[in-house]
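Me: I'd like to go through this model with you, one question at a time. Can you keep the cut-offs handy as we go?

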Amino acid sequence: MNFSAQRLLLAILFSTPLVALTSLPANAQDTEDPRLFRSLDVFELEWALNPQISPDGEHVVYRRMGFDIMQDSRRGDLWLAEVNRKEQRKLSSFEGNESGTAWSPDGTRIAYVRSAGEAEGSEIYLHWLNGGQSARVTRLSATPKDIRWSPDGKQLAFVMDVKAQAPKITQRPAKPEGAQWSDPPRLTDRLYHERDGTGYLEAAFSHVFIVPANGGTARQVSHGNFHHQEPTWAADGQSILVSGNRSEDWEYDYRNSEIYSISLASGDILPVTSTDGPDHHPTMSPDGKHLAWLGYADKKQAYQVTRLRVADPDGLDVRELLEKLDRSVSSITWAADSSGLYFQYDDKGRTKVAFVSLKGKLTTLADNLGGTSIGRPYAGGSFSVADAGVVAYTHTRPEYPAEVAIYRRKEVSLITDLNADILDQRSLGETREIWWQSSYDQRDIQGWMVLPPNFDSSKKYPLLVENHGGPIANYGERFSPEIQLYAAAGYVVFFPNARGSTGYGEEFANLLYHNYPGQDYDDTMSGVDAVIEQGFIDGQQLYVTGGSAGGIMTAWMIGKSDRFRAAAAVKPVMNWYSKTLNADNWYRYYHTRIPGTPWTNPDDYLKFSPISLVGNVNTPTLVMVGLSDLRTPPSQAKQLYHALKYRKVPTALVELPGASHFIAKRPSQLIDKISHILGWFERYR
């Protein structure tokens, strides 16, 4: 990619200092070491998403992601790679967003979604491999997703929202011609009516449609005021299986879903499962003899391991595969010969691809799946499988984001090298794994350190603690531009997977049940001590940050300790009363994360609110939030800022215009986030 013109433009755009506090330390500036990873390098990063391998294993189509400098956004084009020759080309000449690929059963065609902007909307297109041509096959009223080919390759199933009737209480009188009245009121009566990153949700239900693969009219096959997701064809092509909840009380029974079968001939929708808990992602074996899906019997905990279940096509004779694997299973895919299923799972900071036979034998195939979370080192990524068992997947290491990798006959090879033009010219921080025991219960805890480039173990370095969000999530050995920018600024960066993190089993992640924040604080502080014991940390130069749940932990840590010279609490929850009655996912915390509700258990909601500790805080604290954040709304951050300001504790509030909870979605705001944190910490170094 030629970025010379982009570099010039960005140098102009970002040459004016944001504010005084955003000045970076000298060793992060271009004049200090030209090989350091710099903020403007973020715009040049590329990564692979959703690699789909052809049935014959010869080609992989994937979404090549990058940043649009002029639009300050993420965008992706589809690229086609030849597995054996490691050559690739753009799938079409279209310039815009393309996604959602699916190969036809015979491998001659690729279905995908093309978005040409709001004026034309999103449509399903077909690309013919031999002729290299693409053509539109639908004319839809909304965006399609989850495209699935019928077994005979003649039809496509997909999911699309269908508008529902909005509630109405009254009717406005007609306004005079030419009058400029206000917009009409917005009325809702739904439990879930807004989504972070999207905003207000118009009344609609997700339904399954089918359309001829050579084009035609899309036909809706599901019905009723219910949501239907994750369609998969029955082996005979006469019915489609979906996940959903069609119970009378579905809106309040939000933790439950079932598998349903939709007859294409009669339209009948019949339940296949009846578990009290989430049953989802159904997939039928190619020989039609087995139905597999994911789920668990809901124990109303903070976390449960997602299990793999297999049954007869009608849902009878259910059994669990992988009973001894204490890890959540995702992305199940049948082997072409119906002998078992491929899947992925997180394990101790790494994501793996594995295979389980119908007899329950587990074989781990590939490691280091991920690299699609361009921001912080979260789990992610995906894979696909050819008929002969060749696996294509997103491969990452701390040195690079997702590339397309091929697993074949116990060998792994990369077929893309998307960042050689930039990362080969940069000195990145080395990542080291570290384990320690929690001071609370001597439980083993895992984390990582990223060392500054040109690290010298004889020197003393400041330590920056980066707490992950979730909190039921995980960091790991994956590329992170944010972490690398911290390291380039001269910090040893420490990111722990304290209790509550996934990838360590159900019991470990569920330790936050009715106990959050809790002893995850002790785990993290013990980790800080373990890093200091390595001998290259200045114990008087400790800093802490984190976003979302990481912002909660940051606020909790400075409320319980004065060891940190400065802190940056990013999009924190300070008050569980207001969070759980004000956020987009407000109702999902009741009973499981915290006992009861704010009105039945007020003491518990206060006890776990960092605002209860704010009177103890003496640490200079930067507070940051996106102004369009619906997950941890700006009012949460302002509570911390206002409390500290009132108490005359050094503080500043950074509000990012238009940013949702995913602050790093726009590359300029990822840069804003890191530069403000580093600038704040630099004040107190």
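Me: Let's start with Arg593: over the ring of which residue does its charged end sit, and at what distance from the centre?
Reply: A charge counts as sitting over a ring if NZ of Lys or CZ of Arg is within 6 Å of the ring centre and within 35 degrees of the ring normal. This is a predicted model, where local features need pLDDT of at least 70, side-chain atom pairs count only at pLDDT 80 or more, and totals for chains, interfaces and linings use all residues. Residues are numbered from 1 along each chain as its sequence is written, and side-chain values use heavy atoms, with hydrogens and water left out. The charged end of Arg593 sits over the ring of Tyr516, and its distance from the ring centre is 5.9 Å.

Me: And what kind of aromatic pair do Tyr516 and Trp576 form?
Reply: Rings of Phe, Tyr and Trp (its six-membered ring) pair if their centres lie within 6.5 Å; planes under 30 degrees apart count as stacked, over 60 as edge-to-face and the rest as tilted. The ring centres of Tyr516 and Trp576 are 6.2 Å apart with the planes at 65°, so this pair is edge-to-face.

Me: Where do Tyr516 and Trp576 lie, and how many residues apart are the parts they tie together?
Reply: Helices (H or I, at least four residues) and strands (E, at least two) are DSSP runs, numbered from the N terminus. Tyr516 lies in the loop between helix H4 (506–509) and helix H5 (520–532), while Trp576 is in helix H7 (residues 576–582), so the parts tied together are apart in sequence by 60 residues.

Me: How many residues apart are Phe37 and Phe479?
Reply: Phe37 is in the loop between helix H1 (4–13) and strand E1 (47–53). Phe479 is in the loop between strand E33 (461–467) and helix H3 (481–488), so the pair links distant parts of the chain.

Me: Is Thr554 buried or exposed?
Reply: Thr554 is found in helix H6 (residues 549–560). Buried means under 20% relative accessible area, exposed over 50%, partly exposed in between (1.4 Å probe, protein chains only). At 0% relative accessibility, Thr554 counts as buried.

Me: Ser548 has a positive phi; what is its value?
Reply: Ser548 is in the loop between strand E35 (537–547) and H6, and it is buried, with a relative accessible area of 15%. Although it is not a glycine, its phi is about 65°.

Me: How many residues of H10 are buried?
Reply: Helix H10 covers residues 667–683 and has 17 residues. H10 is largely enclosed by the rest of the structure, because its buried residues number 15 of the 17.

Note on methods
Expected span 1.5 Å × (residues − 1).
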